Amino acid sequence: MNYSQSVLNGDRLSLARLLTQVENDSPESRAALIELFPHTGKAHLIGVTGAPGTGKSSLVNQLALHFRKIQNKRVAIIAVDPSSPFTGGAVLGDRVRMRDLSGDTGVFIRSMATRGSLGGLAQSTANMSQVFDAAGFDIVIIETVGAGQSEVDVARLAHTTLVVEAPGLGDDIQAIKAGILEVADILVINKSDRPGVENTEKALKSMLDLAHPTERVFQHHGQLMRTSAPKQDSPSAPMWIPPIVRTVATEGKGIAELAESIAGHVAHLTQSGDWAVRDRARLEVELDALIRETLVNRFRENVPQKQVDDALERIIQRELSPWEAVKSLMNGGYK
Amino acid sequence: MTDKKIRVLVAKPGLDGHDRGAKVVARALRDAGMEVIYTGLRQTPEMIAEAALQEDVDVVGLSILSGAHMALTPRVMELLKANGQTHVKVFIGGIIPDEDLIRLKELGVAGVFGPGASTEDIIRDVRTAVEA
């Protein structure tokens, strides 16, 4: 079956089936990805990450509704949930919050399990987003696993990364830790009708001020003090300072403002040339990963498992070091 | 290349709000290594068929405790067929009177599980149906 042509023609069943093939990394999917690749590079990839329970799915639901109703864009959603490390099974529950999007053929929601990969995405998330891109979706929203502080992979994949916080989830020390907050292009405080929203916003603001110093005037022991903003490298391309947007996703509050911030970020990316920079970086990572994978496969094809096992035995006996073993296996394999 | 995972949509059509059973089954199928997409309460047959299409599932499990199974099930089956998903196996869980069992089988339902059905049986039947 030729997937790529029917996907380009807008056939939803073929699209769904191709996504499964891509997820299983089948030979058919490789062939289809090759044919679809020239049609990619048009969609705006939006990553949504943040701790569990901050309301990512509800926010994605509202954002997608906004993009559909106000901007009339076709929206694809990839919702990633964790696989069990023990059984490999998964319960994918993000659709529960996205029932408003049901019945609209301009929206396509696909749930996927991480299948053992860390970092908040699955191995094939990038390839799945390419399929949606080629299929003509204007916006691809990628919702990560809500696992915690190290889900930064999505920032490498997406053009715009939203980091979703909620009041009462941690003190200001969380905000100065490295990791997830650093990858934010836009910070969202969801559930902002809850108490503690001021503290959360203050903590995020002070974190941003440290990362992006601006000119400030303040009082210190009654004296008027002034700190000057550091000089920028190129005045023509101003730095992007992540805005903080308050939302209440379950009531649709703040969604229009959030969409505006996203549009602002897109404008910034295109004007500053960062869009091309990010595209390049992403494709470079993909190419690098493919080279590694191909080399490993080639190694496995050329070197019998027996040789690897024998080498391991000798390493365990301390007769051979791992470095020497690799050297001789590589040489033996390519004789 | 990874093995093909069995993907199951667990859905609650109609208006009853009792989803404990659906969640227990979802959890059991997960523990059996399947990927279970849970849609939540009060789904229309249209919503279920659409989700089954987008998720490219192998199995749809309908949990119905309202007595409306003879209205909801045929509609879901029709829509699956209309979408070209003829290979999808449909299972039903809930309170189903004996006289309806035959009619559901005639409709092409792969299996019906009533109160007291063991999760082992459900897992085994789902696996067998997909592999058939």
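A residue counts as buried if 20 or more other C-beta atoms lie within 10 Å of its own. The views below all come from a predicted model.

View 1. Strand β1(B), residues 7–11, is mostly covered, for five of its five residues are buried. B:Arg7, B:Leu9 and B:Ala11 point one way from β1(B), whereas B:Val8 and B:Val10 point the other way, and all are buried. In a regular strand the side chains alternate between the two faces of the sheet. β1(B) pairs in the parallel sense with β2(B) over four bridges, and in that pairing the bridge partner of B:Leu9 is B:Ile37. With β3(B), too, β1(B) pairs in the parallel sense over four bridges; here B:Val10 has B:Gly61 as its bridge partner, and B:Ala11 stands opposite B:Leu62.

**View 2. Strand β3 of chain B and its pairing with β4.** All six residues of β3(B), which spans residues 59–64, are buried, and the strand is described accordingly as mostly covered. B:Val59, B:Gly61 and B:Ser63 point one way from this strand, while B:Val60, B:Leu62 and B:Ile64 point the other way. β3(B) pairs in the parallel sense with strand β4 (residues 89–94) of chain B over six bridges, and within this pairing B:Leu62 stands opposite B:Ile92. Together with helix α3 (residues 69–82) of chain B, the strands β3(B) and β4(B) make a right-handed β-α-β unit.

**View 3. Helix α2 of chain B and its surroundings in both chains.** Because ten of the eleven residues of α2(B), residues 45–55, are buried, this helix is largely enclosed by the rest of the structure. The buried residues include B:Pro45, B:Met47 and B:Leu53, and also B:Glu50, B:Gln54 and B:Glu55. Those buried residues pack against α2 and β4 of chain A as well as against β1, β2, β3 and α3 of chain B. B:Asp56 follows α2(B) and has a positive phi, near 45°.

**View 4. The contact between chains A and B.** In this view 28 residues of chain A are in contact with 27 residues of chain B. On the side of chain A that touches chain B, α2 (12–23), β3 (90–92) and β4 (107–113) of chain A each supply at least two residues, and the largest share, six residues, comes from α2(A). Sorted by class, that side of chain A has ten nonpolar, eleven polar and seven charged residues. Strand pairing also crosses between the chains, as three bridges join β3(A) to strand β2 (residues 35–38) of chain B, and the two strands run parallel. In this pairing A:Leu92 stands opposite B:Ile37, the residue that is also the bridge partner of B:Leu9.

**View 5. The loop residue A:Lys73 and its contacts.** A:Lys73 has its place in the loop between α4 (56–69) and β2 (75–81) of chain A. Because 17 other C-beta atoms lie within 10 Å, A:Lys73 is partly exposed. Leaving aside its neighbours within four places in sequence, A:Lys73 is in contact with A:Phe67, A:Arg68, A:Asp138 and A:Ile139. A:Val183 lies 110 residues apart from A:Lys73 along the chain, and the C-alpha atoms of the two are separated by 26 Å.

How values were computed
Residues are numbered from 1 along each chain as its sequence is written. Chains are lettered from A and ligands numbered from 1 in the order in which they are written. This is a predicted model: local features need pLDDT of at least 70, side-chain atom pairs count only at pLDDT 80 or more; totals for chains, interfaces and linings use all residues. Two residues are in contact if their C-beta atoms, placed from the backbone, lie within 7 Å. Ala, Val, Leu, Ile, Met, Phe, Trp, Tyr, Cys and Pro count as nonpolar, Asp, Glu, Lys and Arg as charged, and the others, Gly among them, as polar. Two strands pair if DSSP finds at least two bridges between them. A residue is buried if 20 or more other C-beta atoms lie within 10 Å of its own, exposed if 12 or fewer, and partly exposed in between; C-beta atoms are placed from the backbone. A crossover is right-handed if, with the strands pointing away from the viewer, the path from the first strand over the helix to the second runs clockwise.
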